[in-house]
Amino acid sequence: MSELTGARILVVEDEEAIAQGLKVNLELKGYAVEVVGDGKTALERAHESAAGGAGAAYDLIVLDVRLPDLDGFQVCQRLRAGNVFTPVLMLTARSQPDDVIFGLKLGADDYVTKPFDLAELLARVDGLLRRHAWARRAGGGAGAAEGADNSPHRLVFGDFWVDFDTWQAQTLSGVVELSRKEMAVMELFAARPEQVVSRRELLAEVWELPHHPNTRVVDNVIVALRKHFEENSWRPRHIQTVRGVGYRFVP
């Protein structure tokens, strides 16, 4: 039996045939699946679940972009603004490549384009669930954020720290929880201090989009990290721009 058996998935899809097809195939893999057909209901269920009011929390949300009332972008944006960090797999139209970048910028964790290959979608679901399960195990001791600075899971630089177990960070605004992408970028920087990390490398390692032509999503996360850790974003001390290439992290 897989460690992922019983994982709870919310499928948000207004095309009934697609929704039921996803439900059947995900349930065949041992997942517990709930289906809703509009963005408003999806938001309500996700918030209830995260707050413990609807049984166990969801482990994944499969979210179509094109929905009645609230679209998938709005749902994802409101979830993240409400501190709901359940992984989101977006379903986007193949004819709209900018949907991918926009969705990732708003906090989606991965995407599959319609019409999708079922095997690919199931593989991406499995991958997101594994990473989510690992992150929950690693973050089990929330009090670690107040532990010793020499923890191997903590990056200390200047007046700041990032705790890779709890996803918390000491920032200019105090202790906050970083987003998944912010955390992943900081992990890559921590592994390569003083080295140039190209935008393409970041896109490949963090977003798993090595061949995507648009690197704006990378720059958007860098802007967010500089707001956390740089007193002067125009003359950054720690997250420096290497013109025409990428970035260098200086502890």
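**Exercise 1.** At roughly what angle do the axes of helix 2 (residues 39–50) and helix 3 (residues 72–81) cross?

*Solution.* The model is predicted, with local features needing pLDDT of at least 70, side-chain atom pairs counting only at pLDDT 80 or more, and totals for chains, interfaces and linings using all residues. Residues are numbered from 1 along each chain as its sequence is written, and side-chain values use heavy atoms, without hydrogens and water.

Step 1. The two axes, lines fitted to C-alpha atoms over the stretch in contact, with angles from 0 to 180 degrees between N-to-C directions, come within 10 Å and cross at roughly 25°.

Step 2. Helix 2 and helix 3 are therefore roughly parallel, a term for angles under 35 degrees.

Step 3. Contact means heavy atoms within 4.5 Å. Gly 39, Leu 43, Ala 46 and His 47 of helix 2 meet Val 75, Arg 78 and Leu 79 of helix 3. These residues comprise four nonpolar, two polar and one charged.

**Exercise 2.** State where His 238 lies and whether it is buried or exposed.

*Solution.* Step 1. The loop between helix 8 and strand 11 (239–242) holds His 238.

Step 2. Because its relative accessibility is 2%, His 238 counts as buried (under 20% relative accessible area, with exposed over 50%; 1.4 Å probe, protein chains only).

Step 3. Beyond its neighbours within four places in sequence, His 238 has contacts that include Phe 157, Phe 160, Phe 229 and Arg 248. Phe 229 is also one of the buried residues of helix 8.

Conventions:
Helix = DSSP H or I, 4+ residues; strand = E, 2+ residues; numbered from the N terminus. Parallel < 35°, antiparallel > 145°, perpendicular 65-115°, else oblique. Nonpolar A, V, L, I, M, F, W, Y, C, P; charged D, E, K, R; others polar.
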